[in-house]
Amino acid sequence: MKVIEHLYIHVPFCPRVCPYCAFYVVPADRRKSGPLVEALLAELRFRERASEIRPRTIYLGGGTPSALSTGDLARLIGGLGDRAGGAVEFTIEVNPTTLSPEKAGLLRSLGVNRASLGAQSFDVGALATLGRQHGPERIRRTFEILRGAGFGNIGVDLIHGVPGQAEDSWWETLDEALGLHPEHLSAYGLTYEEDTPFFDRLAAGEWVRDEALEIRLFLGTRRILEGAGYVPYEVSNFALPGFESEHNLAYWRGRDYLGLGPSAVSTIGGRRWRTAADLGQYLAAADSGEWPEEEVEYLDEDLRRRERMMFGLRTREGVDGAGFEEELAGLREAGYADLSGGRWRLTAEGLLRADAVGALFARG
Ligand code: SF4
């Protein structure tokens, strides 16, 4: 039986849906939280018939898993049994509006040892544009709660390039985040995903992207975080040495993973699927035992190698590049990739165009 070492669990509830978000989320509904937890555990038992699930990493994401009640979180994590305690990295995504000291303490006692805090910004105007319900004070308070509960590995997630945000205000946000001394920082450039209100506002011309500014923010962020001792181990991810997220690295290394929950993607043994992004169907599956799948794909070795190139080039560990010598030579000539110690990695110029570079390795 295939052994699954990486487990993702999707909790689709959010107190309010942010206007830039493209994940499958629905407004939080207390009456459905208990049934969701039972359905997640039922899906786990179902998947266990085909694979041995012995995770080194668990990622409880969403959505806003920290918005589940303390009782529901205890039932969910308790239901993972020995798998929770056996994971070397067990992350929960935390929204600054949803964490009490009691909940944080319970999470630690159940084996959760890493928190990813969705701060997004310390600028009040940017937070309002992003539709977030918290202010900077709440971020600091939640960070303190996590530390107080014994979390020794905390990531802070930030977004730059928010419409209307002055450049200086982003550097201040970065300073504020560094002032918390997190072990991990993610700094994402805002993306305008289709079917979101943000996409519509950009398309309507209400906002205009400033590419020169986006480049300055990207390169400046990298320089500042590196100067502060954070290793840029992926395009948008930075960690103090030893605190790189093993779960995320598993995706970028092309490892197998199981995703539980509505809209969660899994890749196991060359088969990839997405569980239907529909909470009603998902809850019904707990009774019927028929887990609705969509976007089923079969990956042959060529496709998997191509994916490892696309993602691996974005990471600091890089790729060996075997079989793609021609493409890589072209990238080196353009100044977008470099070879050192037998590994290929994108240069700063290449990182700026990481998506376009990745597309070169797509199967034609
Ligand atoms: S809190 Fe996160 S997952 Fe929820 S709607 Fe906002 S961006 Fe999406």
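How do the residues of the shell around the ligand divide into nonpolar, polar and charged? The shell holds 6 nonpolar, 3 polar and 2 charged residues, where Ala, Val, Leu, Ile, Met, Phe, Trp, Tyr, Cys and Pro count as nonpolar, Asp, Glu, Lys and Arg as charged, and the others, Gly among them, as polar. Before going further, note that this is a predicted model, in which local features need pLDDT of at least 70 and side-chain atom pairs count only at pLDDT 80 or more, while totals for chains, interfaces and linings use all residues. Residues are numbered from 1 along each chain as its sequence is written, and side-chain values use heavy atoms, with hydrogens and water left out.

**The ligand shell**

Select C14, R16, V17, C18, Y20, C21, V25, G63, T64, N95 and R132, which are the residues around the ligand, a residue being counted when one of its heavy atoms lies within 4 Å of the molecule. Then stay with G63, which is joined to G62 by a cis peptide bond with an omega of about 20°. G63 is found in the loop between β4 (51-62) and α2 (70-79); helices (H or I, at least four residues) and strands (E, at least two) are DSSP runs, numbered from the N terminus.

**A loop with a positive phi**

Although H181 is not a glycine, its phi is positive, at about 60°.

**The two domains**

Now colour residues 2-252 as domain 1 and residues 301-364 as domain 2, bounds that come from an automatic or database domain assignment. The centres of domain 1 and domain 2, taken over C-alpha atoms, are separated by 27 Å. To the contact, domain 1 gives 11 residues and domain 2 gives 11 residues, with contact meaning heavy atoms within 4.5 Å.

About 950 Å² is buried between domain 1 and domain 2, and carbon and sulfur atoms give 69% of this area; buried area is the accessible area (1.4 Å probe) that two parts lose on being put together, summed over both.

The rule finds 1 salt bridge across the interface of domain 1 and domain 2, a salt bridge being a side-chain nitrogen of Lys or Arg within 4 Å of a carboxyl oxygen of Asp or Glu. Show E234 and R314, which form a salt bridge whose closest N and O atoms are 3.5 Å apart. E234 also stands opposite N237 in β10. Strand β9 (residues 231-234) pairs with strand β10 (residues 237-239) in the antiparallel sense over 3 bridges, where pairing requires that DSSP finds at least two bridges between the strands, and a hairpin of 2 residues joins β9 to β10.

**Two further hairpins**

Go on to strand β12 (residues 265-268) and strand β13 (residues 271-275), which run antiparallel and are joined by 4 bridges. V265 stands opposite R274 in β13, and in the hairpin, with 2 residues between the strands, G269 takes a positive phi near 55°.

Finish at strand β15 (residues 337-340) and strand β16 (residues 343-346), an antiparallel pair with 4 bridges. Here D338 stands opposite R345 in β16, and G341, in the turn of this hairpin with 2 residues between its strands, has a positive phi of about 60°.
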